[in-house]
Amino acid sequence: MAEPQLEVAKLSVGFGGDAVVHDVSFDVRDGECLALVGESGSGKSVTAYSILRAVPPPGRILGGDVRFRGRDLRTLDEAAMRAIRGAAIALIPQEPSSALTPVLTIGDQIAETLVAHGRADWTTARARAVELLDAVKLTHPATRVRDYPHQLSGGQLQRVLIAMALSCGPSLVIADEPTTALDVRVQAEILDLLRETRAKSDLSLLLITHDLGVVASMADRVAVMCAGRIVEEGAVGDIFRTPQHPYTKELLASARRPGGSPRRAS
Amino acid sequence: MPLLEVSHLTKRFNRRRGWFEAAHVTTAVNDVSFSIDAGETFGLVGESGSGKTTTGRCILRLVEPTSGQVRFEGEDVLAFDPDRLRAARRRMQIVFQDPYGSLNPRLRVGAIVEEPLAIHRIGTAAERDARVDELLTLVGLEPAMRLRYPREFSGGQRQRIGLARALALNPSLLIADEPVSSLDVTVQAQIVELLMDLQQRLRLTYLFIAHDLRLVENICSRVAVMYRGRIVEMAAVSSLFGSPRHAYTQALLSAVPIPDPSVRPHRIQFDESRVDITAPLTEVAPGHWAALGSG
């Protein structure tokens, strides 16, 4: 098998006091989707942001290795890291409404990514923004490109963020709860888009989520996090059919029967 | 007689986008009718902007409805003068979605739970004190926690505090507006467990407002689906989830992700242009109502 896209080994991250991520190890292989699953405070987002060295202070990586296509991301200088962020490794953030600046058009924000990474001049980048918006199936991309974020719905904004993530041709995309803020029908559309994009451009996807319904429809493999540790990891079919860890079992039971055992009034 | 009867409830908001622009009218709730029997858990579901939250607030007159009727325990809520309304609100309470924003951060938990009793001038200070202890115990918290502040509690615990406060005046109807949607699934299960336990013990009736269809399927007896301010379908949970009749309900249910990787759900798209969303509800099966129009 080819070298994994991403190898995380014994990663520990702390915020001043005790570590909140302990000895976390996992790989994301070429073209696969690994879901990092856990509840709030489990350390799944901190783990994802550590890969990009973007943990907000006072957060700090305490130890471990992060290798992306063989390169050690922990020892790269900041300029080299900036060249990777948003280009080879792209991030789709959770809250589409706060991830974009309100004062620039969506077209300019996509173009800015291309210009900042030296992929195009402004004229070419603006034209490319229209193509990207078309690729993520935003209707009327040629006029929409001049819209400001407040003129778009949550689902449309998430499409813009996906377009932005894809702009520099990443090989790994980290999606942090990409559909949590969306209504269920819009969520289904965005998941379809992510699946199609992955199939088309052979992307690896690290999907951060708490929703096992989303995991079941997207992931090849699953790593379950609880209290800063990975408690179980395996192929998606195995995790859902034969979970081993009690916490995985509890999560699955809650997902299958939200609210606990059925108690419909007679 | 139903405990709560809502008929032809309508709420329009006038929104002026700029000083010189004409007012823009949004009909958030449009001719909504349903009734809830005592002891029932009635689910009101819909996507964001469907009008489900506004419907709940109109019932309590936290938002004044534009027209329609709300009858609670047989009395016309919309005709109440302020004094009667205040008295009626002892019997109808609300639990909010956001356990972080809905509790006053400057008050200790004891004061938060006691506040409704103080406002309604119920009991002496000592009696209210004892009642706060009783309420905290009822929702699974320690009486000693009354001395602490909301920020010291987790989301699930804060939702318990909000519930203790809502129960302080012995309501018969509790409107729960997305009470667990900001909580983790394992915590959701604990709060739902508590809600169901309290329903039995205190003979409560719930209007459960939610966007999580699978949660509603699991805990409600009847459910109404709202779309763009209207109820498009209403039925017993087994009937609605088992054989949804309205195209919108079908699309909504088909979009819910299934926690089983071996199932590839068949998704149904909803094309609003092919459905008359103003069609009145008709009874398509016993107790199963849908706005199917002539088609």
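User: How many residues does the contact take from chain A and from chain B?
Analyst: The model is predicted: local features need pLDDT of at least 70, side-chain atom pairs count only at pLDDT 80 or more, and totals for chains, interfaces and linings use all residues. Residues are numbered from 1 along each chain as its sequence is written, while chains are lettered from A and ligands numbered from 1 in the order in which they are written. Two residues are in contact if their C-beta atoms, placed from the backbone, lie within 7 Å. On this basis the contact takes 30 residues from chain A and 32 residues from chain B.

User: Which element gives the largest share of the side of chain A that touches chain B?
Analyst: Helices (H or I, at least four residues) and strands (E, at least two) are DSSP runs, numbered from the N terminus. Helix H8 (184–201), helix H9 (212–218), helix H10 (236–241) and H11 of chain A each give two or more residues to this side. The largest share, 6 residues, comes from H11(A).

User: How many nonpolar, polar and charged residues does the side of chain A that touches chain B have?
Analyst: Ala, Val, Leu, Ile, Met, Phe, Trp, Tyr, Cys and Pro count as nonpolar, Asp, Glu, Lys and Arg as charged, and the others, Gly among them, as polar. By these classes, this side of chain A has 13 nonpolar, 8 polar and 9 charged residues.

User: Which strands form the edges of the open sheet of 6 strands in chain A?
Analyst: Two strands pair if DSSP finds at least two bridges between them. The strand order in this open sheet of chain A is S6-S7-S8-S3-S9-S10, with mixed pairing. Pairing on one side only marks the edge strands, which are strand S6 (89–92) and strand S10 (229–235) of chain A.

User: In which sense do strand S3 and strand S8 of chain A pair?
Analyst: Strand S3 covers residues 33–37 and strand S8 residues 204–209 of chain A, and 5 bridges join the two. Within this pair, A:Leu36 has A:Ile208 of S8(A) as its bridge partner. The sense of the pairing is parallel.

User: Why is chain B called as compact as a globular protein of its length?
Analyst: The secondary structure of chain B comes to 9 helices and 12 strands. The radius of gyration is taken over C-alpha atoms, and the globule rule is 2.2 Å times the number of residues to the power 0.38. Chain B is as compact as a globular protein of that length because the rule gives 19 Å for 295 residues, close to its radius of gyration of 20 Å.

User: Is A:His140 buried or exposed?
Analyst: A residue is buried if 20 or more other C-beta atoms lie within 10 Å of its own, exposed if 12 or fewer, and partly exposed in between, with C-beta atoms placed from the backbone. A:His140 is found in the loop between H5 and H6 of chain A. Because 10 other C-beta atoms lie within 10 Å, A:His140 is exposed.
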